[in-house]
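Please read this report alongside the sequence and the coordinates shown below.

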Amino acid sequence: MKTKNTVIFGGLFLASITLMSINSAAGEKEKMPLNESDLKVETVASGLSMPWAVAFLPGGELLVTERTGKLRLVKDGVLDPQEITGLPKSLFRGQGGLLDVTLHPDYKNNGWIYISYSSPKAEGEEGDEGGANTAFIRAKLKDHALTDIQKIYKASPNVKSTVHFGGRIIFDKKGHVFLSLGERGQMQNAQNLAKGQGKIVRLYEDGRIPEDNPFVKANGAKPEFWTYGHRNPQGLVINPSTGVIWEHEHGPQGGDELNIIEPGKNYGWPLITYGIDYDNSIISKDTARAGLEQPVIYWRPSIAPCGMAFISSDKFKEWNGDLLVGSLKFNHLQHLTVKDNKVVKREIIFDKIGRVRDIRQGPDGNIYVVLEDSGKIVKISPKS
């Protein structure tokens, strides 16, 4: 069972290495920070157009999605000019397009690559003409082409709105895959268990629905749903040491959230929120209600979180077990010190690095950051 530790994270215009202690136990020996001056940032890929996510192929190549609808390869720091073919059609409009890319945990043996995208409405599908919703496929890569393409899942209904697609993909160690769904700008549908909006989905890796999902027997609910009441989840990771799923999502003005994800739980949007609407109107007067989950932390003002990674590398021993979160709005990373499912400290690092879309720990133990505005992927590593 998780322990709540709700904290306002304001004051984001701090110097890049300001360290804030939060609820530290009295007398507890604090983890020494790893200074930014001990680290270096190197560009490992450039020339990308709105990159969204990166995955690491066994041969050392980087597989990168561009939200404009292209899947690219990077080898030895060089962007391959030849695009990968075979992608499904994605709707590049507003916040939509080609989104996450993740390798199956047993990729070396089965070759499966999972890709999420905003899928335009097809004939016979539910929803608005000209609309779209989040979908994902799995496929194999041969030379510069996707083969053996299998559609795993598409959320319904299709919606004309161009915002809040979610799209993060993760695997547990039990044969399941998870996909985050934004509420597509229709906030009330995050509470509707018949709508694929504002949810996290749990499936078997081939798209089948697990019999032990929490809503399998719930009347009127879609059986693939794992949790609900989300706004726009663009961070989804599993703590490798505990197996606990962590998620972050965009709030409106204020109220970005970091949550621990547990089956069947309602995370409250829009019934409770720590933010207000963009026209300064009140979305809900409540920040808490019985039966609705509280975030571990929330950010006010919003940082527009995107991308997240737990650190478990010998190259960053001081950070092992901690989270790195990207900020689209303030162009920095946040280092969150995690202890017993609580965030006890935070640190802003690499201020003005760029609009962060993705953060991954690479197989080499270094940290890789996808920067949307500059079209780069950078590597953070120790100087010595």
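A residue counts as buried when its relative accessible area is under 20%, as exposed when that area is over 50%, and as partly exposed in between. In this predicted model, Ala304 has a relative accessible area of 15% and is therefore buried, whereas Asn331, at 21% relative accessibility, counts as partly exposed. Ala304 has a positive phi, near 55°, although the residue is not glycine, and its place is in the loop between β19 and β20. Asn331, likewise a residue other than glycine, has a positive phi near 60° and lies in the loop between β21 (323-327) and β22 (333-339).

| Cis peptide bond | Omega |
|---|---|
| Ser156 and Pro157 | about 10° |
| Arg300 and Pro301 | about 5° |

Pro157 is placed in the loop between β11 (145-154) and β12, while Pro301 is found in the loop that runs between β19 (297-299) and β20 (305-310), the loop between β19 and β20 being also the place of Ala304.

Strand β14 (residues 199-204) is joined to β15 by three bridges, the two strands running antiparallel, and Ile200 has Thr227 as its bridge partner in β15.

Technical notes:
Residues numbered from 1 in each chain as written. Predicted model: local features only at pLDDT ≥ 70, side-chain atom pairs only at ≥ 80, totals over all residues. Heavy atoms only, no water. Pairing = 2+ DSSP bridges. Helix = DSSP H or I, 4+ residues; strand = E, 2+ residues; numbered from the N terminus. Buried < 20%, exposed > 50% of the residue type's maximum accessible area, 1.4 Å probe, protein only.
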